[in-house]
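Here is a structure to look over.

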Amino acid sequence: MRLVFVFVALIGCVGLSAEQGQDRWWPTQRMAKGLVEVRNESANSRQAVEMMMQSIAGLAAKAVNEGRGNEMVWIETGNVDLEDWEKRMLAKYPEVEKRERFGVWELVDRYVKAGIIKGYILYRSDKSSGALNSYRVGMDCSVNVATSVAGVLDGIIVSEELQETAQAHGLKLLVDAREKSQEWCFQTYKDQFSRRMLCTQDPKKPHVRDLAITHKALTIYGKDEPTRAAMEWLEPLSPILGWNGGDEFECTELSTRYGHLQTATDWCMNLPVLMAGAESYPLPQIKLFDPREINWSDQRSAVSFVGTDGDNVQWLEGNFFRHPSYWGDPARGKIPYGWSCCFAHLAQLCPEAIEYAAATRNANDSFIEWGGGYYYPDHFGSARANGLELLARQARRTWTLMKRTGTRIIGFNVTRFNSSETRKACQVFAKEADGLLAILLFQYSPYEAGAGETFWVKDRNGIDVPVISARYSIWEHQNGRERSGTPAKVAREIRRSVENAKGPRYDWVIAHAWSYFKRAPGSDENAENVEQKNAGASGAVRGYTPITWCAERLPENIRVVSPEELVWRIRMKHDAAQTKEFMGRNR
């Protein structure tokens, strides 16, 4: 059973638009007050009802922004994190009152009467075979055409199996999208679509269509046109809502070259509600690491562990904080650990998640901003004449948000760790910051290609900033690669590097978030590998705990430290005088 909550009566005023905001790339949403529930009681056609509910929520939020309506819709998912974010938001705005419950079609009637829903757009449900996020043969993307047109014409999206019910409720047909292509939709309506956000979404997924409709975003899926043309048409530095599937690198490379930000939001829910009023939401400051607490007389080698995929907004919104493999792991705090995060996104979309992270972190938890959006800095804006200028603008926006949350280290995913374009991109970013501790660099494939190499760039004040490449990666079934593989294999590689070094080494390990391993004490470095399919059901684990196994295999002469301490030690080794001065200004 799903419940949908509705906010009643707008309050306040619309904040800065994405075009005006200097520290955001997502649009703003007006806040509302009042709450009613809507229950999806459909025994059949559940996906079709979910699609329709997304469009109801989107049109309601759109009407609030335009001053034509007074209700917003919350879709109850049963997700414990999302329920917490909703409660936290309501606690921040106690003037919001709960009201009576409506059925889905009752709410449609209510919004028709209010002039919010003006009809319906008809589509055909996608019945193609194959995995989600793949480019399936025979995909029917008419639901994306319907989603795109919904925000323009103020119509809900209705599948064929629901058309008779829609007609019974007096809704008129606005567009029959069943034989319309995404290219037709783009060419016909592009002057009416927002150029500040593009939605790419698998036609089988209902998610995030509410936000796309709220802001009249073109919604498409696949490699065929109009995908490339839409990327070029979109204003630079815009977020790509959802996920365009297919090959990850190709998907991200295309948006990168046109200067846009992938967001991995394709499973997100209720973003219009959670982002309402976010521009004025008081963000907590993560307590900064104090370098004065470092025991500088301890000259042992040190290593830090940092998890991947923190740029994944849907993960941190809905399946990260209470998940027993990640933030919810009972062992969390056993060793210092760097949690990659997308706080720059969440500050605009779901500040409640940042609030929870700050309230529940312990002394061994560190946060690393993972890019300020998913893009490859070394290729950013390369299809445009002003790519470096665009990167500098994105750096300024990201750094402003990082300072608001107290994050001081950023992680960059680049196509080539040692290219001149990578060095230039890091310099461009650093120059827009004042107080940036470091850039952690890793190559798209393989992560550990940089082998721990460090180079230096200068910040806004001429202070040296280290760009530190990952030396090791923990990833399932990769023992054939040097400095990569199981926790046991990587532990041996760390030990060997330290044994061969003339002085203390300071390196970091990038740990793949999705790799499953099984506990296997002993000298067989392959024994921790498991078949990934159904690995969780067989008792294998992923995330935080396998990293502790690697740490347990390190001798006393190698310390596990936080990413911040690692960076401060690298800085001190590079230039002690400058580091001590910088330390006095940044603690």
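Predicted model: local features only at pLDDT ≥ 70, side-chain atom pairs only at ≥ 80, totals over all residues.

Visitor: What radius of gyration does the protein chain have?
Guide: The radius is taken over C-alpha atoms, and the globule rule is 2.2 Å times the number of residues to the power 0.38. For 587 residues, a compact globule would come near 25 Å. The chain agrees with that, at 25 Å.

Visitor: How many helices and strands does the protein chain have?
Guide: Both are DSSP runs numbered from the N terminus: helices are H or I with at least four residues, strands are E with at least two. On that basis the chain has 19 helices and 22 strands.

Visitor: What share of the residues of the protein chain count as buried?
Guide: Buried means under 20% relative accessible area, exposed over 50%, and partly exposed in between (1.4 Å probe, protein chains only). Of the 587 residues, the buried share is 63%.

Visitor: Which residues lie nearest the centre of the largest pocket?
Guide: On a 1 Å grid over the protein atoms alone, a pocket is an open set of points with protein on both sides within 12 Å along at least five of seven lines; a cavity is a set where a 1.4 Å probe fits but cannot get out, and lining residues have an atom within 4 Å of a point. Points are joined across faces, edges and corners, and a volume is the space filled by probe spheres set on them. The largest pocket holds about 700 Å³. Of its 25 lining residues, those nearest the centre are Trp 243, Glu 248, Asp 309, Asn 312 and Trp 514.

Visitor: Which strand gives the most to the lining of the largest cavity?
Guide: A search of the whole structure finds 4 cavities of 30 Å³ or more, and the largest has a volume of about 100 Å³. Its lining has 17 residues, with Gly 307, Tyr 337, Ala 511, Ala 513 and Gly 543 nearest the centre. The most, 3 residues, come from β13.

Visitor: Is Pro 377 buried or exposed?
Guide: Pro 377 lies in the loop between β14 and α14 (387-405), and is among the residues that line the second largest cavity. Contact means heavy atoms within 4.5 Å; leaving aside neighbours within four places in sequence, Pro 377 touches Leu 391, Phe 412, Asn 413, Val 414 and Ala 425. Because its relative accessible area is 4%, Pro 377 is buried.

How values were computed
Residues numbered from 1 in each chain as written. Heavy atoms only, no water.
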